[in-house]
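Hello,

Here is the structure for your files. Notes on what was found follow below it.

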Amino acid sequence: MAATTASAGAHRARNSHDLRTIATIWVVLSIVADLLFWFLAGPHIPPGRMSDQAEGAQFDFNVLFVVALPVVILVWTYLGFAIIRWRASRHDADEAPVGVPARTALRIQTSWIAITTVVVIGLFGFGTYELIAPAGAGGGEGPTAIWKPTTKTILPIQVIGQQWMWTYRYPSFGGFETSQLIVPDNTEIAFHVTSLDVIHDFWAYQLGVKADANPGTDNIAYVKPQQLGRFTVRCDELCGLWHGAMYNYGHVVSPTAFYHWATTTEKKLAANTKTLPPFAWTYTPDANGADGGYYLDNVNPYSKSSLYGANTVKVKQYGASAAQS
Amino acid sequence: MASTITTPVAGNTAAPPPAQRVRNRPAWASQHLGTALIGAVAGYAFGHWIGNVIGAGYTVPQSNGENDVAVVLGLALGALGYLIGIGAFNYPLAKLIGREPLPEVAEEGWQRYFRFNLDHKVVGMQYVIVSLLFLFTGGLLAMAIRTELLNPTNHFFGAGTYIAVVGEHGTIMMMMASSVVIGPLGNWLVPLMIGSRRMAFPRVEATSVWLFSAGYLVILTALPLGGFPTGWTGYAPLQTQSTAGMDSYLVGFAIIGMGMILAGLNLGATIINYRAPGMTWGRVPIFVWSVLATTALLVFATPTLVVAGLFGILDRTALTAFYVNEHGGSSFLWENLFWFFGHPEVYIMALPGFGIVGEILPVFSRKPLFAYKVGAAGMLGVALLSFFVWQHHLFQSGINPDMRPLFMLTTELISIPTGFIFLVGLGTLWKARIRFEPPMLFALAVYFNFLIGGVTGVFLSDVPVNVTVHGSFFVLAHFHYTIMGGLIFAFFGGLYYWLPKMTGKTLNRKLAIWHFWIMFVFFNLTFFPMFIIGLLGQPRRVFEYATRLQGLNDFSSVSAYILGSSFLIFAFNFVWSIYIAPKRAESNPWGSRGLEWQVPTPVPHYNFERLPVVVADPYHYDEPDQGVADFGTFSEPALSEVAAPGEQVPPADVQSPDDSGDLDPRPPIV
């Protein structure tokens with residue numbers, strides 16, 4: 001009640017006093033929180049720095065977090081201040097006193113709208129740059145990728161999702177198929193992700209790669225590993241009964257070790273490879289899946305006779321040049 | 001002042017219906033929930049039999065012993081029988097065969113809540129009960145999920161049971177959330193808030209609540225049919241290959257969808273056409289704005305879901321190939337259709353929550369709503385933008401990559417109108433006199449929770465970050481923060497705020513405050529760790545996870561149990577305060593200026609003795625002398641004096657052509 005009867009000057013003074021208090025708390029807390037986050041938590045934010053793309057995602061996450069923290073702290077500071085300072089006392093509550101009227105305050109409204117718009121457009125510009133610069137940021141780009149690495153030698157690895165396991169084919173090495181995922185360090189890699197039955201999602205966690213495995217679609221994701229070590233591969237799209245158990249591990253090894261492993265495995269599996277359908281970017285999926293089902297197809301899925309269209313491959317040879325690099 | 005008063009509805013002075021016999025059947029011969037259930041069982045049996053006649057000759061049922069034609073027809077005809085049993089089709093069928101349907105007596109007493117009732121207040125309470133049934137069923141399933149996730153490798157359920165529980169939990173909660181505010185509070189409050197005696201289409205309204213409960217029964221049948229393995233998103237081709245539980249999902253969503261469309265049409269038509277004289281667009285309560293924005297989404301987005309479900313049903317029964325890649329269809333078609341509905345659906349859930357908060361804040365801070373116009377514009381802006389963001393669910397799916405920046409932009413743009421809602425709330429709190437009654441606590445919690453949900457939404461919209469967090473527990477935490485932290489908190493705030501008016505009973509304040517604090521604290525303790533769990537690499541819907549994440553998962557599970565038990569406090573409070581030890585509520589216990597609080601409790605059958613003439617928006621807490629509406633001080637007898645409760649309104653009162661204030665030219669509901 002006192003505020004409504006106070007003179008306009010005293011009223012404005014008290015307004016600015018409250019605003020100054022909130023602003024001071026907000027600025028101090030924001031700076032402290034941002035610094036703490038950036039230097040303490042930032043370097044450990046998933047997915048880590050195992051690949052160029054993962055490092056980009058980590059940097060992007062950290063930048064968003066540094067922008068988001070002051071927003072959150074602003075609202076929380078304001079709410080906290082309001083709850084403590086502007087609560088009705090028990091005595092007031094009985095007679096339902098009226099707060100200071102504020103209906104429009106046009107300058108506040110317009111500056112709120114302007115600031116949120118600027119922040120949002122800025123985040124969009126930053127996000128788009130971070131998407132395009134590291135060749136699609138590790139996300140699946142579909143069959144016609146438009147953000148590609150600039151290097152000529154890109155190692156293609158086909159990832160085949162099926163209920164409920166991952167297999168990998170290496171077209172540069174005769175198209176052998178294995179359940180081991182070995183990739184060379186410091187090399188541009190194109191994961192060609194496809195599925196034989198339902199939709200899976202290839203998530204190489206530490207590499208920062210994620211691409212849906214769609215039946216009949218070649219979904220390409222680029223990545224350039226920069227650290228040796230093990231990474232987890234999980235299925236990230238619900239694919240039925242054993243979705244939760246559909247995971248394995250991949251390894252980043254040195255290019256020389258990779259070349260050695262690939263050539264030996266190619267020889268070791270040569271007999272096996274002959275029985276496989278010829279390498280293609282996509283294969284006829286099995287609508288009936290592991291559970292059996294509806295479509296009485298005459299084709300035996302993933303067999304030589306069942307290539308999905310004429311989408312056969314001409315793979316650029318990947319070989320000694322990459323091994324030496 | 002008089003010049004600003006407008007009459008939204010053009011005069012319609014059709015002749016009143018002639019006096020008629022009224023239906024007055026004994027209780028055993030009338031139609032109620034019991035006959036509806038009998039109709040459902042009979043319909044299911046008949047449909048199943050017909051389906052076996054049609055489909056048993058196909059090779060597929062013969063090869064695997066499962067006939068989806070029979071299941072689908074059984075469920076669809078079961079729902080139809082349910083509606084016939086409740087009497088939803090009595091009126092249109094009588095009209096169809098050329099008979100003049102008998103008007104029904106306005107019922108009193110508890111029986112009316114189990115019948116096909118045309119009073120929007122009864123329908124609203126029916127929605128409350130069905131919504132709570134949905135919520136508690138889904139909540140129990142959530143407890144089961146958290147139990148399975150107590151241990152990364154030892155399993156409480158089998159993989160099949162777990163996946164069925166996950167799908168059932170998600171679907172039930174999504175079905176509930178699509179109507180949880182629009183249904184109960186929207187139907188109950190909108191006519192009162194805009195000064196109308198009734199809904200535009202009372203029969204459509206009553207049909208929508210019975211469709212809603214039919215959907216509940218249909219989705220429950222998924223469990224005995226073996227569940228469905230797809231989660232609530234129902235992605236094909238997994239959808240096509242799964243067993244009969246999938247039919248419950250598809251039929252159930254179609255039924256719920258039809259109920260949503262009908263509810264949206266009715267509410268939208270009511271808000272546009274049935275506002276009282278003087279209820280201009282500048283005076284419409286913010287909750288009504290949020291419902292109006294939501295009805296647009298319900299009417300334009302939901303048909304996509306119904307059609308997509310129909311395609312799925314055809315794929316599974318008639319062997320069409322809408323979603324079957326190798327037969328010319330595409331699994332991307334389902335993804336696009338589903339999310340074209342699915343993202344507006346997210347705002348179908350969020351917007352009414354904002355509306356509730358906008359109603360509660362001014363009352364308990366004793367201040368006018370700040371930036372009312374920006375708030376209303378924000379809701380309409382969110383509704384419009386929500387149709388242009390759906391592909392952000394498909395960033396890694398293999399769609400054309402060049403669309404990605406566009407959908408990143410539209411998704412981030414939506415945070416601007418959402419920010420308006422925060423502007424409204426924070427501005428209203430400025431130098432307020434805040435009273436911490438239970439509704440206010442829930443409203444403030446919405447701002448706390450939705451802030452986290454909204455900010456993490458910006459992370460998800462950013463494609464490079466999305467590569468890591470898409471499909472992980474991070475997403476799961478995000479949408480629980482928006483839907484549960486936003487909508488469900490707002491829903492309970494709304495219940496504590498409006499139940500005294502709806503039921504005429506006072507809810508226990510202490511229990512309400514206990515409910516709030518337990519729910520608020522343990523909601524955050526349950527779902528905040530899930531952001532971290534997701535970032536650390538746990539995908540959604542898995543029953544096995546990395547052993548290093550067991551600590552966080554167990555913490556989340558234990559918190560979830562306490563969160564779940566907080567709802568028992570509400571259930572106890574509800575039953576105790578309303579049925580066992582009822583205490584009469586005042587007609588305006590919170591000192592609100594809303595139109596709905598100015599009518600007596602219990603609210604009379606036709607809401608207003610005379611139609612009010614609205615003279616101001618309901619937020620003039622700064623000018624205590626400013627009136628809300630003119631409720632009429634005429635010499636003519638009031639409605640209650642010429643018609644006993646439940647009786648037909650005499651035609652003379654309906655016409656009243658020279659009444660200067662009571663300008664409702666519409667005939668009463670018959």
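In which loop does Ala135(A) lie? Ala135(A) lies in the loop between α5 and β1 (155–162) of chain A, where helices (H or I, at least four residues) and strands (E, at least two) are DSSP runs numbered from the N terminus.

This is a predicted model, in which local features need pLDDT of at least 70, side-chain atom pairs count only at pLDDT 80 or more, and totals for chains, interfaces and linings use all residues. Residues are numbered from 1 along each chain as its sequence is written, and chains are lettered from A and ligands numbered from 1 in the order in which they are written.

Backbone first. Ala135(A) is not a glycine, yet its phi is positive, about 55°. Ala135(A) is also buried, with 27 other C-beta atoms within 10 Å (buried means 20 or more such atoms within 10 Å of the residue's own, C-beta atoms being placed from the backbone). Arg366(B), likewise not a glycine, has a positive phi of about 50°. Arg366(B) sits in the loop between α12 (331–365) and α13 (372–385) of chain B and is buried, with 23 other C-beta atoms within 10 Å.

There are cis peptide bonds too. One joins Pro46(A) and Pro47(A), with omega about 5°; another joins Ala236(B) and Pro237(B), with omega about 0°. Most peptide bonds are trans.

As for the interface, 91 residues of chain A are in contact with 84 residues of chain B (contact means C-beta atoms, placed from the backbone, within 7 Å). On the chain A side, α3(A) gives the most, with 13 residues.

Regards

Technical notes: Contact = placed C-beta atoms within 7 Å. Buried ≥ 20, exposed ≤ 12 C-beta atoms within 10 Å, placed from the backbone.
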